[in-house]
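Student: Could you take me through one part of this model in detail? I'd like a close look at the place where the two chains meet.

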There are 2 protein chains.
Amino acid sequence: MPELPFTLDQLRILKAIAVEGSFKKAADLLYVTQPAVSLQIQNLEKQLEITIFDRGGRKALLTEAGRLLLEYCERILNQCDEACKAIEDLNSLKGGTLVIGASQTTGTYLMPRMIGLFRQKYPEVSVQLQVHSTRRTGWSVANGQIDLAIIGGQLPGDLENLLQVIPYATDELALVLPSKHSLSNKKELLKEDLYKLNFVTLDSQSTTRKVVDKLLQDSGLEIQRLKIEMELNSLEAIKNAVQSGLGASFLPVVSIERELAAGTIHKAFIADLEVKRELKLITNPSRYTSRASEVFKKNILPQFASLDSPLRKI
Amino acid sequence: MPELPFTLDQLRILKAIAVEGSFKKAADLLYVTQPAVSLQIQNLEKQLEITIFDRGGRKALLTEAGRLLLEYCERILNQCDEACKAIEDLNSLKGGTLVIGASQTTGTYLMPRMIGLFRQKYPEVSVQLQVHSTRRTGWSVANGQIDLAIIGGQLPGDLENLLQVIPYATDELALVLPSKHSLSNKKELLKEDLYKLNFVTLDSQSTTRKVVDKLLQDSGLEIQRLKIEMELNSLEAIKNAVQSGLGASFLPVVSIERELAAGTIHKAFIADLEVKRELKLITNPSRYTSRASEVFKKNILPQFASLDSPLRKI
DNA sequence: TTTTTTAGGTAATCAAATTTTATGGAGACA
DNA sequence: TGTCTCCATAAAATTTGATTACCTAAAAAA
């Protein structure tokens, strides 16, 4: 670990003298007194064991060693300036990367709009969206690989304490039927009607599936009695299956806006039953929060948050 | 004139932490205490308005801004190391350029040998030889374009005081005759014999010519009575002329060693007359002396200096 | 020339920045 | 739970660097 034989200040002074051709002018340029400049150059010469300037005549002239050093000096100072600029850009959100985590659902239907809004405001910050399971997303937030995430499921207990979890919005999981289904005409279904349906569901490992199962169970339904026609691992696939009349499903309303508008899918209401889950924003309070992350949380998320979310009140 | 928001020491610390993964280890590596490291990083973070390390867990981890800064940090420190190495090379004569001045004669017959010796010892120092008139060489030494020079003539008066002039060697200007010349058989010529000769001389502007003229005049000869067959501006040309029997000439002995050995030219002795001039080393004491120049003067020149030269006594 | 001006070096004093010593708190690990 | 490690903090000490004042030498002007 070699000691550094010079400081950036000394290099700055060296350059100033070389530019101005005089110790005094360099001193003026740098807003210090001339002795300060003299001493620093003397230190530099002593430490490097070279003579840098010929002080004989009218002008301070560089020696061979001085010219050599000056070359490096300029390169070094340029790199320093560049570094400053890069950091400034990062601070003013003219650079950097924001890494966002999301579940399948939010990642597919919600995030694209939010990210679009963010990029519109800060086009020079690149955004990376990582769609993973709730569990994996949680760990990524915990160890800093993801700046912030929105999840719909339940975090593992140990993470709950580690991370900051803010209720963000309520996501209704609507019962959807093929438009031509016989039950589609009824104003309101009864819970018992569910037993008559064939379901197309997400596979049993998915967070959304677990949430739905739990909610139905909590409301008194015996989920073993529900008939599952098939399990698919993509919401889009399920939507297609429902539209094709293959069965019913509980799907996030955000994912079926277009289909509802087009009438290709029917959303049913069930008496005494609302299947809803809380979407939550998770961040890691014990970690550095990037400016981009801050801005995203403060300015972008609230525009999509439900009215009762704490995010609205910031 | 932007202030620099960081110091090289801070960058060095940053790098050490990044490498070691811990403030403490970095402190050990740099031979300082741990608080010193902490404070410097805090200063750095304050000045750049960024967070560089996540200090939460077991290891100190870089944030995005920290990684960005580290990149520049490494480049900057590398440049610094390179600069140091270049300066060291210069100091240890593993680089740099030595500029030597010389007159026609010394430049042609003496310098090549000296430079050869120097380059043998310091092959990485490049040497530049500039052959000019005494006057011009003197000025070049005065204004630093030439590090040191050997001259045979008289410096302009104003330069004599400005420069350091050290007697270096005595250069005999021998009277040479064609080997077949009738006078070549005489053991010793008389001054009067010179009037019988046809001379081939350097042109009258040349320093050597002036020196010869002056010496002959001082010894009582009437130089107007000497017959000048032709004036040439190159010693080699004169040598060829003499060898071809076109006339006699006064030539520096160093320039005819080969021809004397081969017997193609005859060196005559004149009673009561020695045509000699002092070769002098000139340097500029008011200017920076490069290491290469120092070494050349101390180690190379003495090997060629006459016994009574002050250079021998160093 | 002689005087004036300007650039740069030196020395003593002083202020500021860094380091160290000493100490405390938080998380990791047994 | 206790211990250990790592980092942060505070006060004191040291070092560094800057300023003021003064001096010298060389160039420019009178």
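**The interface**

Tutor: Put together, chain B and chain A bury about 3900 Å², 68% of it on carbon and sulfur atoms; buried area here is the accessible area (1.4 Å probe) that two parts lose on being put together, summed over both. Keep in mind that this is a predicted model, where local features need pLDDT of at least 70 and side-chain atom pairs count only at pLDDT 80 or more, while totals for chains, interfaces and linings use all residues. Side-chain values use heavy atoms, with hydrogens and water left out, residues are numbered from 1 along each chain as its sequence is written, and chains are lettered from A in the order in which they are written.

Now to the chain B side: α1 (8–20), α2 (23–30) and α4 (64–91) each supply at least two of its residues that touch chain A, with helices being DSSP runs (H or I, at least four residues) numbered from the N terminus. The largest share, 17 residues, comes from α4(B). In terms of contact (heavy atoms within 4.5 Å), 39 residues of chain B meet 39 residues of chain A.
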